Amino acid sequence: MNINKIQNTIFTNNKTINRVQTKDSPQADKNYSDFLSVPTIGYWVEVHKPKLDELEDIKTLTLKNNIILNLDKNSPENKIAFEIHTKSTQKIKAKQAVKELYNRILDDLYIQINENGKIRNCCKNAELIEISGDFDNEIFLFPELFKMALQKTYNSDFFTKEQLEDAKEYVLYYFEDEQQQDDLLKHIYHPEPYTKEDIKNVTLEDIKKYNNDLLSNSTTVCSISLPKNTNEATIKQITDIIEKQIPNQKLFDTKAVSKSFMENEKTTYIYGEEPTVFNKENVRFYPIDDDNTLKSSAMYSLICRILKTIMLKDESQNTKDLRCLCSKNYLHKYLEIFTASNNKQTDIENPVNMAIKSITQGQLDNNFLNEAKQIVLNNRKEALEKSQTRAELISEIYDKGSYGLKEFNKELNSITPQEIQQKAQEIFSRPYIEEIREQKQIF
């Protein structure tokens with residue numbers, strides 16, 4: 001690595017290193033110990049810890065191809081972090097075999113983009129594309145890898161017969177297992193059945209057509225968190241890549257997106273495969289509607305926190321061995337309640353029922369509610385202090401474009417016990433999907 005190469009780096013600072021530095025150098029400041037862990041010549045990269053309220057400085061742009069770009073120039077870990085969500089605004093007509101293979105191709109793409117896995121790419125039900133990444137000491141490579149990731153995902157010309165054949169081989173190899181497994185997502189999306197012959201008959205032209213149909217009927221939100229000293233030329237370079245590599249998108253419609261959750265006609269119980277970590281697992285998915293406001297985000301976070309606290313505090317249900325997670329699934333419009341235990345005697349279903357009953361029928365103590373609000377606020381603070389989770393947060397689209405901690409805290413504190421109960425009654429009166437997993441006894 002030489003001076004000329006480093007001068008092309010996209011992040012610059014006035015302080016220049018003009019000699020080799022190593023981790024043993026007595027002149028190396030402790031703040032730069034990680035950066036100087038290997039011999040290097042180049043510019044200092046400033047370690048910048050932004051104030052949390054600097055999230056107010058996020059710049060929201062609507063690009064030429066209708067993509068919403070949330071740009072944050074205060075990455076707290078001096079990293080590039082990004083999230084891209086492309087979601088179809090309507091059901092795309094295509095054979096299920098085509099969707100399955102397309103899904104598999106996109107799931108495998110990140111391996112071809114970067115063997116280190118710093119860019120992750122996945123496709124859920126072939127109607128939602130998610131790309132995320134997190135860069136640190138290789139930040140000067142970002143434009144090149146970012147461009148490659150978008151090309152391979154959004155440009156049909158980069159799909160190959162080899163990709164398709166690899167996807168077919170994988171799907172056919174696991175075909176019997178997939179058909180026998182009563183998968184949770186199948187109950188959410190109700191995909192059509194397909195045969196081995198259907199898989200074999202899919203052509204590369206089928207995949208490309210589906211990709212083009214999907215992208216021409218989708219909305220895309222991109223959020224990027226950059227170090228403070230990123231120069232304007234680099235920002236323009238990144239913006240140009242997004243505009244040139246992603247086809248024209250539909251305008252983001254907040255009201256349309258808020259009504260995109262999938263209603264269930266009746267409670268569905270799914271008995272899944274044996275758990276790989278716990279002896280017993282249970283997950284419930286309750287459909288929710290989201291009006292894409294900061295208060296709505298605060299409300300769902302608060303309800304999840306209250307439920308989890310109630311479940312773990314209920315000593316009468318022998319919950320000391322209980323593991324639980326309550327979270328809003330932003331992409332699929334579900335509130336998810338996960339419980340699990342390694343103790344076969346632990347009841348992992350009744351605590352959920354009791355917690356739901358407490359929040360929908362009981363009265364919330366003010367001290368208890370204030371404690372829950374403080375935990376939610378602290379969790380958001382911690383998220384904003386990490387580049388990747390910060391990028392995830394600003395990939396949410398709020399109707400007023402507010403992201404800051406002060407606004408979030410204001411909305412959080414405005415939530416009353418009556419509002420919580422009303423929203424909880426609305427959520428938990430709906431039919432849900434429940435997946436139950438229990439380890440089988442082996443004699």
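I began with glutamate 426, which forms a salt bridge with arginine 430, closest N and O atoms 3.7 Å apart. I count a salt bridge when a side-chain nitrogen of Lys or Arg is within 4 Å of a carboxyl oxygen of Asp or Glu.

The model is predicted: local features need pLDDT of at least 70, side-chain atom pairs count only at pLDDT 80 or more, and totals for chains, interfaces and linings use all residues. Residues are numbered from 1 along each chain as its sequence is written, and side-chain values use heavy atoms, with hydrogens and water left out.

**Entry: salt bridges**

I looked up the partners of glutamate 426 next. Its side chain also meets that of lysine 423 in a salt bridge, 3.4 Å from N to O. Both residues sit in helix 16 (residues 417–428), three residues apart, so about one helical turn separates them. I take helices (H or I, at least four residues) and strands (E, at least two) as DSSP runs, numbered from the N terminus. Asp289 joins Lys423, Glu426 and Arg430 in a network of salt bridges.

I then checked accessibility. I call a residue buried under 20% relative accessible area, exposed over 50%, and partly exposed in between (1.4 Å probe, protein chains only). Glutamate 426 is partly exposed at 27%. Arginine 430 is buried at 14%.

The count of salt bridges comes to 13. I picked out aspartate 72 with arginine 390, whose closest N and O atoms are 2.4 Å apart. Aspartate 72 is in strand 2 (residues 68–72) and arginine 390 in helix 14 (residues 387–393), so this pair ties together parts 318 residues apart in sequence. Aspartate 72 is buried, at 0% relative accessibility. Arginine 390 is buried as well, at 0%.

I traced an open sheet of five strands, with mixed pairing, in the order 7-11-8-10-9. Two strands pair if DSSP finds at least two bridges between them. The edges are strand 7 (268–271) and strand 9 (322–329), each pairing on one side only. Neighbouring strands are turned by 15° against each other on average, direction ignored. For angles I use axes fitted as lines to C-alpha atoms, for helices over the stretch in contact, with values from 0 to 180 degrees between N-to-C directions.

Strand 8 (residues 280–287) and strand 11 (residues 433–438) run antiparallel, joined by six bridges. Phenylalanine 285 stands opposite isoleucine 433 in strand 11. I also placed helix 11 (residues 294–313): it lies across strand 9 and strand 10 (334–341) and runs at about 170° to strand 9. Contact here means heavy atoms within 4.5 Å.

**Entry: aromatic rings**

I found 14 aromatic pairs. Rings of Phe, Tyr and Trp (its six-membered ring) pair if their centres lie within 6.5 Å; planes under 30 degrees apart are stacked, over 60 edge-to-face, and the rest tilted. Phenylalanine 135 and phenylalanine 142 have ring centres 5.4 Å apart and planes at 75°, so I log the pair as edge-to-face. Phenylalanine 135 is buried at 0%. Phenylalanine 142 is buried at 0% too. Phe82, Phe135, Phe142 and Phe146 form one aromatic cluster.

Tyrosine 170 and tyrosine 174 make a tilted pair, 4.8 Å centre to centre, 50° between planes. Tyrosine 170 is partly exposed at 35%. Tyrosine 174 is partly exposed at 35%.

**Entry: charges over rings**

My criterion is NZ of Lys or CZ of Arg within 6 Å of the ring centre and within 35 degrees of the ring normal. Arginine 104 lies over the face of tyrosine 170, at 3.5 Å from the ring centre. The charged end of arginine 380 sits over the ring of phenylalanine 408, 4.0 Å from its centre.
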